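Open the structure in a viewer and keep the sequence panel beside it. Each stop below says what to select and then what is there.

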Amino acid sequence: MAPSKKKHAARKACVIPGGFTVLSLQFSLDSAARHFLYVKEHRVRAEKSSYRPLDRTLFVLNIPPYCSESVVKDLFSQFGSVVSVELRDHPGSSSESGPKLSKVFRPADKERFKVGYIVFESSSSLAAAKSHPHDDPLVVSTEERPVKTGVQKWIQQYTKSFIHPDKLQLTVDSFMQDYDKRKEEEAERQRQEVEKQQEDEEGWVKVTRGHKGAKARPHSEAANKRTLQREMRKKRRKELMNFYTWQHRNTQKEHIAELRKKFEEDKQRIALMRAQRKFKPY
Amino acid sequence: MKKKQIITEEPAEMHPSDFSHDDDDEEEQLDAPVKPKRIKVSEEEEVVYHPVKLSRNDLYRPPTAEELNHLKEAESLFHCSLLKMQMEELLKEVALSERKKQQIDSFVKTVTKLLETVPASPEVEVSDLSWLSGAVKVPFLLVPRTTKGRFHMAPPASIDLIGSYPLGTCIKPHVRVDLLATIPADILHPKDVLNQRYPRKRALYLAGLAQHLKSSPDIGTMRYSCLHGNRLQPILLLTPPGKDSSSFTVCVHVCPPPGFFKPSRFHPQRNNIRTEWYTGLQASHSESSEPPTPHYNSSVLGDLLPRAHLQFLSAIRSQCSAFSDGITLLKVWLHQRELDQGTGCFNGFLASMLLAYLLMTHRISNTMTAYQLLRNSLNYLASTDLTVSGISLAKDPDSTAPSLVEFHNAFQVVFVDPSGHLNMCADMTACTYKQLQHEAFVSMQFWDDPTVDGFHCLLMTPKPMIRTSDHVFQLCDLVKLQASCKKQNLLSELMDHSGNYFLTALPFILSLLQQGLGQRIRLLTHSLSPDPEWSVESEAPKYKAQPPLSFGLLLNPELVASVLEKGPPADSPKAAEFRQLWGSRSELRRFQDGAITEAVLWDGKSAYQKRLVPKQIITHLLQLHADIPESCVRFVGTMVDDVILTGNEVPTTGEEESLVVVQSYDDLSRKLWKLEDLPLSITAVQGAHPALRYTQVFPPEPVKLDYSFFDRGKACRSLLPKEGKPCPHYITPITVICHMEGSGKWPHDRIAIRHIRAAFHISLAELLKKHHNYTCRPCPTHLDVWKEGLVFRIQVAYHREPQVLRESVNAEGLLVVRDNEEAQALEMATIHKPLLTSTLHGLQQQHSCFGAVCRMAKRWLAAQLFSEDITEDTADLLVASLFLHPAPFSPPSSPQVGFLRFLRLLSAFDWRNNPLVVNLNNQLTAAEYTEIKNDFMASRESLPVMFIATPKDKKLSLWTRRAPSVQMLQRAMMVAAESLKVLEHQLMDGSQMQDVRVIMRPPLDAYDVLIHLNPKQVPLLRHAVDPPAVSFSRGVIAESAAQPGGALPVIDYNPVSLYLTELRDAFGDLALFFCDPYGGTVISVLWKPKAFVPAPFKTSQMAARSVEVTGEEVKTIPNVEAILEDFHVMGKGLVKSVEARTEKWML
């Protein structure tokens, strides 16, 4: 398919519109078919992340599921030494937040094709990668660096899923300590805020706009809704129903219209059943 | 690239039309386009359900008084009026069209004309057939060969239409018009009633008519048959020529002139067939000591009366306007129950007579509607037993007419005609009447139930025997019945039935079975043998040519499986009777209470074997008393059980194994409750696994491990699968949810809760190890406990966790509650699944074969590759609905019949327009049913295609939210219908190849790629539909269960499912993957129809794609070669070969 069409670009980098360079990748030396990686330097206007320095980061599309971060690192080391590799399901800015979790508590990664951000040590490696000829494939699994797949991999996975209870307990304990500490800090901060609003000796209250999340009253969507409903009810109670003659007439009219609609619906339902031969007993 | 669409073509009706209807639209709909559209709908009868859109003018125009009344009525009487409308539609559907009537009339006219011109022939002896030109045979079995009398041909004295057609009660689809030709009086002799002389003349006359008609080009086909299987009353079936030939049949009957014979000659106690003539032996019987021949008498008498009956019914019909409609409904009802055809049936004629009787006795009035007539007649049938208290239509019978008692002595069912001489139910067996009564009773039960679609159950659902009766068996070689007649000394009865040994032996066999099965069954039914039909050119078929006779048993679930038949005490006078019945099987036994009684003990260790106890009884009794060898009895009741059969020494279908699992779980649950020293107490321990509700297809069995087969883990005392060896035995973790007490100590943070749960798992593990020495493996998400050869997976749950998962703080610091998938999944696992499990566990306690039906249904779904779409829980719910809402059947009492009904439900339910309501624990009220239905109709388009409502889930259909899709449901329905057809055919037809597994082998040619797996790495290989000859050692020692403690086995390690998950994760956008989870060695891959459409280049959608550059435009297509290569790479060691069926799709 695709390779045959690009024969003319032999020993040359293949660049497609959009600025992506096509690299080919095969699982092992004797595999017949190849995947194609699409690489480009990482360039995003808005992002100012220290993880992905603009001039040294390579943006890679279509990394097969059997390539883990370490495998990708090895693969791209031929263009220059690699600082870090980040594999993600979808392209986008990094949004790692929250406390760092131990591996066992993170949800399992899905085995799918990924996009990668590879940070090289020097920007020259970027150029090297981009000018790599497309018919010289990268090889995932070689003799000196075999990649386990299939049964071997699953056995390895199963083996690694074991964690010693003591170790697990340690992880839990350290996390909970952290958590308690954070909670305490939070509580401490809130207490201070409240204290600040206390009267001082002369009876003065210092009023400040509080920090985000330090509201005095509980603030939730449900509460908001309740309040709104209460208001609505109040309003409705004040309104008079069927007071004027025209109001009464309207209500009756609506009722008949409703009945008519229902009747039509029933009639149609029967017609539909007839059309579907629902009445043919055998 | 092009690709054929296989499954994905959906019929129009499944395509939801846009259903976004709200009242705001009304304003915009004021102008023109609305009205034409509506008219179009009603004219063309569009199949799609469009929302009704009335224009504003239509809706708000001033109402007339009449319309107002109409609307009010529809509002208040909806349930009833819908039923009424439905019945009216049904009547329209089965009634004959005017065109058809014209066709019939013209054909009848032709036939009449032809018959009137039958040429006369010279008089000859009855046995002389030379006047017949050999082209036509006489439709009569000449046993004995000769009888006295002379015969000649002459045109019929009169030709009239009789039966349902002139009465206007003739219905589609088997339209039969009865034409009566009267034999001229000079052919007959008043003494002809004796020794079959009249029936033979009748047959000769019919042959003469046939010979004359044969030369005419106006007749299509001509065949002989006989009236209700009575060989003394042959009839001639005519069809019109040309293309209408199958649309209706004209039956030519022949009868003597009215009043030719004296009715008193046919008294049921008179003899009209002499033994001397019949046996050919000289006997010294005087006429008075000859045995009576009631059946022969009534068959001849029946020929005398058809005109009188027609007159009687016409008179009744003119009084009651809804008479014909009432009969039509009753006929449809009877037809659906297979009661209206064959020997000894309750046909349309009897139905009309019954209605006439009810009218005459003022049980129904002349002004009633068809709906009320049907209802009253069913009510009457249900409450009256004609086998003990017969009824008579005769107002003032003459003195020679027999009394009801005399009728009862001669016949099993008594319903006397208006003349007072004829029992119209002469051929009916008591069993058939009991069946009729039972059906009427069941119908009356669900008629008023607002939660049941009464119309559908009553008149639309066919009830073939194989789907109605719990057990079915067949007598194949009917010749053997001759022997049983001999054995039971039934010669005089045989004479009465003119040698029909089958009819002679039937009542005897039925009573024998009834006696032997006793309390084990609620109802014994038998098939009515269909009327034989044969060509006019061939001889009448012998009795042995009849199809096998089927018997159906409706079981009494409490008693049927008992292996002991306890008889009377040894010294009681009844003991001899008991011994006589059971023969050598009866033996004296001493019981624990000291009683010494006669008893019969049947074999049966497992539930599967106990289900076969009726088979043992039947074969034993038939062999003993009727000389019918076991080879002639074909027992159909447990044939499908084969597919879930396991067990090494004793064959079982999983009931015993499930019980072991449940007992082990109960023990664990008790032990968990007793644990102390936990920081929070346990509030609930609930099972959440199919094995704990008896519905796991192959329930986990306790195993003992061969340690040398495995690698040993370093960190924990656990075993690991070894590379190079076959995949180890698959050990199913049985999920148990353990709810912890709510407390302020629980953190209010999702990740912290996760950690606390892990801590609970660790401490539970420690306690279980300390107190009970169970090997445990705590993980963050669960705790595996290795207990007596089984693995339980305990998950600690905190009831507020889903709530915590839903809460989040948005940018303005507002606490918002948003539903998300994670919370739904957690609720499903910790709340809904345990609840379902316990509810269904309860159902199993009520209906002992519930679990087996579920297992069979799920085995079928898995084999047909539907297990991903119709999940285990969905399938269990579907089966539960069969037990909870059995109407018009009774709850299944054998797995096979349950399975057949499951297939029927899946294939015939109108998923598009109806919700399936499963009223678990009977919690829903009628009002709630309506509410569910209304909610469903209002938002049909946004709801899952397969909608199942339960008391705890009325609006969402939780279990089918994710799957199946429209296409998969469509396919499942199709496959289910086909499987049902094949299976029923196989079960009922003994001559077919007997292999019920045919329905478990899906054709694989519809798929694009087949991935063949290495059987060594398929752990559940032994459960495959066709188990392979070779088996692999999987590290299990076949001995009793393991002791507590010991190393932890390899749990939940199944390379096939791991591989499938990886494939679906990686290529789920491009293809669908199917595999039989129970030992399937092939993964079938189907490309998605849109997968090969070139797509524009997008950085987020580049998975496994390659680019094609044309100028500046970049398109991407899947890189198929690499994908196929990836199938290999990702399943290394498991995949044997990848077979790309490129002929189905092009590269």
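Select B:Gln196, found in the loop of chain B between β4 (176–182) and α8 (197–214). This model is predicted. Look at the backbone here: B:Gln196 is not a glycine, yet its phi is positive, near 60°.

Next, go to the loop of chain B that runs between α30 (872–884) and α31 (895–908), and pick out B:Pro888. The peptide bond leading from B:Ala887 into B:Pro888 is cis, and its omega is near 5°.

Another proline stop is B:Pro964, in the loop between β29 (948–949) and α33 (966–988) of chain B. Select B:Ala963 along with B:Pro964: a cis peptide bond with omega of about 0° joins them.

Now turn to a pair of helices. Two packed helices are described by the angle between their axes and by the distance between those axes. Select residues 480–487 of chain B for helix α19 and residues 501–517 of chain B for helix α21; the two pack at an angle of about 65°, and their axes are 9 Å apart. The crossing of α19(B) past α21(B) is left-handed. Which residues make the contact? From α19(B), show B:Leu481, B:Gln482 and B:Cys485; from α21(B), show B:Tyr501, B:Phe502, B:Thr504, B:Ala505 and B:Ile509. Colour them by class and the contact of α19(B) with α21(B) shows six nonpolar residues, two polar and no charged.

The last stop is the interface of the two chains. Select the residues in contact: 117 residues come from chain B and 83 residues from chain A. The size of an interface is often given as the accessible area lost when the parts come together. Between chain B and chain A the buried area is about 9,000 Å², with 65% of it from carbon and sulfur atoms.

How many salt bridges does the rule find across the interface of chain B and chain A? It finds one. To see the salt bridge, select A:Lys153 and B:Glu1062, whose side chains meet with 2.9 Å from N to O. The rule also finds 16 residue pairs in polar contact across the interface of chain B and chain A, both residues at pLDDT 80 or more. Finally, colour the side of chain B that touches chain A by class: its residues divide into 70 nonpolar, 28 charged and 19 polar.

Note on methods: Residues are numbered from 1 along each chain as its sequence is written. Chains are lettered from A and ligands numbered from 1 in the order in which they are written. Side-chain values use heavy atoms; hydrogens and water are left out. Contact means heavy atoms within 4.5 Å. Buried area is the accessible area (1.4 Å probe) that two parts lose on being put together, summed over both. A salt bridge is a side-chain nitrogen of Lys or Arg within 4 Å of a carboxyl oxygen of Asp or Glu. A polar contact is a pair of N or O atoms within 3.5 Å; within protein, one must be able to donate a hydrogen and the other to accept it, and residues adjacent in sequence count only if both atoms are side-chain atoms. Ala, Val, Leu, Ile, Met, Phe, Trp, Tyr, Cys and Pro count as nonpolar, Asp, Glu, Lys and Arg as charged, and the others, Gly among them, as polar. Axes are lines fitted to C-alpha atoms, for helices over the stretch in contact, and angles run from 0 to 180 degrees between N-to-C directions. Helices (H or I, at least four residues) and strands (E, at least two) are DSSP runs, numbered from the N terminus. A crossing is left-handed if the near helix is turned anticlockwise from the far one by less than a right angle, and right-handed if clockwise.
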